[in-house]
Amino acid sequence: MPAAPATIPLQFPKHFRGLFQRIESTCRPLLAEALRKVHETPIPPELRPFFNHITIESPQPSFVLIPLMFLAAADASGGITQRHIDALPTLLLSMEATAIADDTVDRTPMRSGRMTFARRFGEASATPFTGALITLMAGQSRRCPAEFTEASIRYILHLFSMFLWERHHTYPEPAMLEPWREKRYEGARVAVAYTIDSAFALNGRGPLPAAAVAHFSTIFQDVDDIVSVIEHREEQGENDDLRMGIVTRPLLLTLAQRPELAESVEQLWKEYRPLHQASLIDFQVLQREVAQRTQPVYEHLRDALLELGIPETVRRMGTDLRHCVQETPEPVRPFMRELGLSTVERLRHSGNPEVNRLLDESLREVPEDRTVIALPRKAPRTICVYCSSSDVVEQDWFEVSSALGAEIGRRGDRLVFGGGNTGLMRAVANATQAQGGEVIAVIPEVMRGTPYVFEQANEFVVTHDLRARKAAMEARADAFVVLPGGFGTLDETLEILAAKQMHLHRKPIIFMNAKGFWEPLLALFEHLFQERFASAQHHRHLYHLAREPEDVFSYLDSYEPPPFPAKWF
């Protein structure tokens, strides 16, 4: 097998902000590592050119919002654990299999700016390759949590059954329009439940209520359908739902206001039905001929969608979001509110002033909720400790570090740290293990095989470089404690502070200020406040000071993330 490239390209959707943007720094290294594991999966050489298409040639994984939602749901329900990380390769494979099946059924030539698998390699190749992907998913079950493997099997079985139904019911007769739309929403519900409920389950939480799933799935599907119309996706090589015989909410709301347009829909679809059995290539050629012939009726319907159906769909989104939040259990309600708002806000990037105005009206009644309810966290917590690797500092600092590590171990918590076998790093790790605590060592590749690695660690994580090392520690941590250290410790600490300032995480950050070690840095912070380079009102709550390990855990045990202001500064 060819070696994986030093960096597998990873691109996120640029028009989804809010929650998706907030968690990007946490998710990026985890998804990049999962992609690398997928790429390095042993496969027959005949499969490699097709496999490379989905792993290293495509910068944006298919349906990448799904793994982002999975990790965000994990974070909101108790934290991203190793079990979630172990599930990611299977999740990525399931999304690629979904995309190929979906694109083949819909005869889609392009997706997210790239040629679809069926368009590039042909529909005849899609079937065996999809089978290969599902087989690889089964192979991942040895390394994947059992409950996630079972959820993945149920997801594939249910969704692929619906793909078959859709394939044989495209361009429906008038009596089938409403059932068709409900089937469309059912497909979205299957994907959303698989994503969120699986993340919750791996944290020992129950599933999201079906009503909350249904309301969010409606929003999720409607946003995609609206964007497809107002951004002219067909001009980017993607399919047009109206021409493809797909029933959407905007279409049904248009027909509800203008029933006579049902005849125009039937007139349009009657021309396309004979193309239904054509291959993808033939379909694209024949479709262009039919599109030219039916352009007047198509434009008439599209104008009606823009005038009637899309505005009414946007108006209903606020109601859907309110019901979604109301049906969600209180501990994860802020997460679902943020997820719903972040999804709806995608419409603003379409540059349609009328849609933006209607969004403002629709979302006005969605209750403000800037609080985050802290879930009772399952023990153990994972505490990230930043500290020095120097062996030549005063003995007092080794004692402080050992005391902190001992308290982590006594409380049944875990330590994640930079993996060093020298200085305060070794002291805090030894003390944690001496009291029965687990230790996770995160090291860059250049440290592997050197005597500077804490080889007794319960778990090792090897990253490509120092930046990935910081991201891996952050992703696993529930809290951050800063012991005395040098430039490396300052780098790690200031980055995690800046990330909290930018609303990228809400985790506690504690300076162990024994013997006043951090007083000069704190004086610099006060200077920043005084000179208004940082806001004392908004930024003093980013961190906490503790002099003893008992103070650290007293703060952690009672910690509730503070409300963030509307703006980060």
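The paragraphs below lead through this predicted model, from the whole chain to single residues.

Residues are numbered from 1 along each chain as its sequence is written, and side-chain values use heavy atoms, with hydrogens and water left out. Because this is a predicted model, local features need a pLDDT of at least 70 and side-chain atom pairs count only at pLDDT 80 or more, while totals for chains, interfaces and linings use all residues.

The predictor's confidence in each residue is given by pLDDT, on a scale from 0 to 100. The chain averages a pLDDT of 89, and 94% of the residues score at least 70. Among the elements of the chain, the highest mean pLDDT, 97, belongs to helix 11 (residues 249-257), and the lowest, 69, to helix 22 (residues 536-539). Over residues 370-378 the pLDDT is below 50, although this stretch has 27 contacts in the model beyond near neighbours in sequence, a contact being heavy atoms within 4.5 Å. Where pLDDT is low, the predicted coordinates should not be read in detail.

The chain contains 23 helices and 9 strands; these are DSSP runs numbered from the N terminus, with helices being H or I of at least four residues and strands being E of at least two. The chain is as compact as a globular protein of 569 residues, because its radius of gyration is 26 Å, close to the 25 Å of the globule rule. That radius is taken over C-alpha atoms, and the rule is 2.2 Å times the number of residues to the power 0.38. Along the principal axes, the C-alpha atoms fill a box of roughly 85 × 55 × 40 Å. Of the 569 residues, 57% are buried, where buried means under 20% relative accessible area, exposed over 50%, and partly exposed in between, with a 1.4 Å probe and protein chains only. Among the contacts in the chain with a separation of 6 or more, 77% are between residues 24 or more positions apart.

Helix 10 (residues 210-230) has 21 residues and reaches 30 Å from its first C-alpha to its last, close to the 30 Å expected at 1.5 Å a residue; the expected span is 1.5 Å times one less than the number of residues. This helix is mostly covered, with 16 of its 21 residues buried, and just after helix 10 His232 takes a positive phi of about 50°.

Another helix, helix 8 (residues 146-167), holds Phe163, which counts as buried at 10% relative accessibility. Not counting residues up to four places away in sequence, Phe163 touches Thr98, Ala101, Asp102 and Val105.

Most residues other than glycine have a negative phi. Phe63, however, has a positive phi near 50°; Phe63 lies in the loop between helix 3 (48-55) and helix 4 (65-76) and is partly exposed, at 28% relative accessible area. Lys515 also has a positive phi, of about 55°, and is found in the loop between strand 8 (509-512) and helix 21 (519-530), where Lys515 is exposed with a relative accessible area of 54%.

A search of the whole structure finds 0 disulfides, a disulfide being a pair of cysteine sulfur atoms within 2.5 Å. For Cys384, the closest cysteine sulfur is in Cys387, 9.3 Å away and so too far for a bond. Cys384 is buried, with a relative accessible area of 0%, and Cys387 is buried as well, with a relative accessible area of 5%.
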